[in-house]
Structures are given as structure tokens and as C-alpha cells.
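Please read them beside the model.

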Amino acid sequence: MNVIGMISGTSYDAIEAVALQLTLRERTVHARLLGHVSVPYGADLRSRVAQLLPPQTTTIDEVCRLDTLIGQSFAEVAASLAQSYFSGDVDVVCSHGQTVFHWVENGHARGTLQIGQGAWISEATGATVVADVRSRDVAAGGHGAPLASLIDVLLLGRRPALVRGALNLGGISNITVVGPSRNPIAYDIGPANALMDAAVTWLSDGAQTYDREGSSAARGRVDEVLLAEFLAEPYYDAPAPKSTGKELFHLEYLTSHLGERQVSHDDIVATLCELTARTVAREVRDQGVSELFVSGGGTRNPVLMQAIRRNLADDATSISLIDDFGIPEAAKEATLFALIGFLSVQGLEGSIASCTGAQHAVVLGAIIPGRQPIIALDESLAPVNLVFETEGSGEFP
């Protein structure tokens, strides 16, 4: 099946999209990655998304306009990928869209909102579109996150001989943990890049939106007093399953902790970098992870990766990129949504209840029919393995 997966993450800087060929046989998904693109939002669209996110206030007409504009942007990317890799013949597009609010109250997810109207994608490509991917899990009592636990468990194994973890360093850090005598678990740890990005954007008056190659953090020194205040955040001690986002970790959160302190720009970024490293290391250590596989934009910040390794130096934890499984780390999230779309149109569950906290696994998303019906597969059970095929690895099933 020809499938496209798409997402704009919590950093809201670009549309990540992949073109995949997927098939399911004997409960194993075989995937061939044909192409991956990262298409930046236009400056105006990115600015408008920023003005929509908490703690900003907005209007319903702006939500409507951005729902259309983001949907059209996703549609352009999908149509281009469909033409480039499938000669226009794409079966399914799964679009995560852009998260603009994740409603968590008293430790429970009450609702979640991703915009980017999928009808534009279906009209542009003719494909069946799967959208609004998180809401069904929330309705089943889950957090709608981390949905990455699906691909993590398929790659790492549900009950491997060693405790293994998959760490994603996006705007928010999240982890999936599997082991020989436990059900898989997953949860959001806290900010990965979210606070660093907010600080750099604020301190540079918008000239920069992230700490390129960790240069600011490398120049700065960690303010241990400020760091201790950040680490006192109650969210870190809340039990899993749990989820968070920019509803909590945003610029005003940062400035409220800074108060009247006189802290240099570089020291602020260095302190936030260390915050991510220490919160991640604590969870990896507490979960007893022996093998850690990392993905997300944070992997391209050498100062952050060095800080994580330093904080785990006394533990017997090996740290690698998720690329070891044949999937480029930059393509992982978009691949996740391609996989979810592929499963959803077959009526197969795409969530793992022990990871999201739902009462049971569910078929994810709302489906917008394409020009042609989807041909059902012979398989009627959700997969337990995911294998990436590469050129020259044999005939694709």
C-alpha cells in the first residue's frame, strides 16, 4: 500500500512527511521508506501559529482560518510526495496536523485539538485521509500520547531480554520502555526543546528560533539555583501515564521563574539544556533502561546529547540513535503516522493502552474517504513487529 505520513510537531517549524510502501503479513509490517521531506512553514504562517498557542488568546475565526491554511500547506506537501514517489497514485495519507491545545486536568487528558483540515489533503491527492488521530484514545480514557509508543514497541519488542527505552527529544521529551517482565509503558517526561526554543526566540527578538548546534548552551554556565527551581516542577513527580505540552512549558513559565534575576542569555539556555538532560536521565535511570535509542530534533544538539550522556555516565546504559533499526531519526514521527493511517483504514488498533493509559487499544483517527475504496488485507490482527526493508534486501512482500 502506498502511504504518506505527515506531522508538524510542538516546535511548529516545519511539515515532516514520508512516502512509504507498507504491507502486513503474519503480524509483521514490512516498510520501505521511499522519501522524507521537511518543508518549513512560511514565516507568516509560523508567526500566526505562535500567536495561537497557549498562553496566548485567540479568536474562533483565526482558528478556522489556520485550520484551512495549515490543511492547504499539508495538502501541497502530500501532493508533491505523491507525484514524486507514487506517480500520483497514493492510497492513504495520515496527517497529524498541528497541535494547538492539549487539555490535561488533574492528571487526566480531557481533550486535544490538532488543526489542519484533512479534506484539503484528500482533494489534492485523491487519497483516503486519516486525521484527528489522538482524540479516540482520549475518549477511551487515555492521554492520546505518546502515540510514538506504537512504533517504539514494534521496533524494540514487547518483551525483550533487556530493558530498552526509546527516547524522543522534540519540543517535549517522551519515553517508551519495554522489558522482559513488564507491559510497555510510555509518557511525556517534560520539555526537551520547548523552553530552549522559547528562550532563544525571546532573547534574540525572533532572529533565531532554536539553539543551532547548541552554541549558546556551550558558551553558558548552568545556574544551579535556577535549575533547582525548574526541577521542583510538580509535573516531574506525577505518576505515569501522563502527558504535557506547551500549555505548561511556555515562555511565560520561563520568565516567571526568572523573575528579577540577572542571568546572561547563554546561561539561561545552558540551564534549560541541563534541565532537559537531568529530567531525561532521571527517568532512564528510574526505569532501569539498559539500551536507549534516541530520536527527535534534540539529537542534533551535541551539547544536549553530551549532557544526557554525562548524566548517565555512572549507569550501564548504552545510547544510540533509532537509526539502528533502519529508520532515520528525522523521519520517525512522520513514519509513525503513516503506520497509524495504514492500520486505521484496515480497522486495526494503532494505540497501546498500557502506554497511553486508555482502557483498551483503539483504532485511531477520523477517516475522510478518497476517490477509490481501500482494499482490505487478509490480516485481521494488529501487528507485533515492524521491519524496514532497504534497497537490495530482497523482494518486498
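1. Pro55 sits in the loop between α1 and α2 (60-86). Helices (H or I, at least four residues) and strands (E, at least two) are DSSP runs, numbered from the N terminus. The model is predicted: local features need pLDDT of at least 70, side-chain atom pairs count only at pLDDT 80 or more, and totals for chains, interfaces and linings use all residues. Residues are numbered from 1 along each chain as its sequence is written, and side-chain values use heavy atoms, with hydrogens and water left out.

2. A cis peptide bond also joins Ala145 and Pro146, with omega about -15 degrees. Pro146 belongs to the loop between α4 (135-139) and α5 (149-156). Most peptide bonds are trans, and most residues other than glycine have a negative phi.

3. Two residues other than glycine are worth checking for phi. Ser87, in the loop between α2 and β4 (92-105), has a positive phi near 50 degrees. Ser87 is exposed, at 64% relative accessibility. Asp132 lies in the loop between β6 and α4 and has a positive phi of about 45 degrees. Asp132 is partly exposed, at 36%. Buried means under 20% relative accessible area, exposed over 50%, and partly exposed in between (1.4 Å probe, protein chains only).

4. How many residues of α5 are buried? Eight of the eight are, so α5 is largely enclosed by the rest of the structure. The buried residues of α5 include Ser149 and Asp152 as well as Leu150 and Ile151. Just after α5, Gly157 takes a positive phi of about 95 degrees.

5. Thr128 is in strand β6 (residues 128-131) and is buried, with a relative accessible area of 5%. A polar atom of the Thr128 side chain lies 3.2 Å from the backbone nitrogen of Gly370. Leaving out residues up to four places away in sequence, Thr128 touches residues including Asp91, Val93, Val345, Ile368, Gly370 and Ile374; contact means heavy atoms within 4.5 Å.

6. Five strands form an open sheet with mixed pairing, in the order β9-β8-β7-β10-β11. Its edge strands, β9 (182-191) and β11 (318-321), each pair on one side only. The twist averages 20 degrees from one strand to the next. Two strands pair if DSSP finds at least two bridges between them. Strand β8 (residues 172-179) pairs with β9 in the antiparallel sense over seven bridges, and Ser173 has Gly190 in β9 as its bridge partner.

7. What packs on the sheet? Helix α11 (residues 302-311) does, touching β7 (164-169), β10 (291-295) and β11. The direction of α11 makes about 150 degrees with that of β7. Axes are lines fitted to C-alpha atoms, for helices over the stretch in contact, and angles run from 0 to 180 degrees between N-to-C directions.

8. The second largest pocket is lined by 23 residues, of which Tyr12, Ala50, Ala198, Thr201 and Leu251 lie nearest its centre. The elements giving two or more residues to this lining are α1 (43-52), α6 (194-203) and α9 (251-258). A pocket is an open set of points on a 1 Å grid over the protein atoms alone, where a 1.4 Å probe fits, with protein on both sides within 12 Å along at least five of seven lines; lining residues have an atom within 4 Å of a point.

Note on methods:
Polar contact = N/O pair within 3.5 Å; in protein donor to acceptor, adjacent residues only side chain to side chain.
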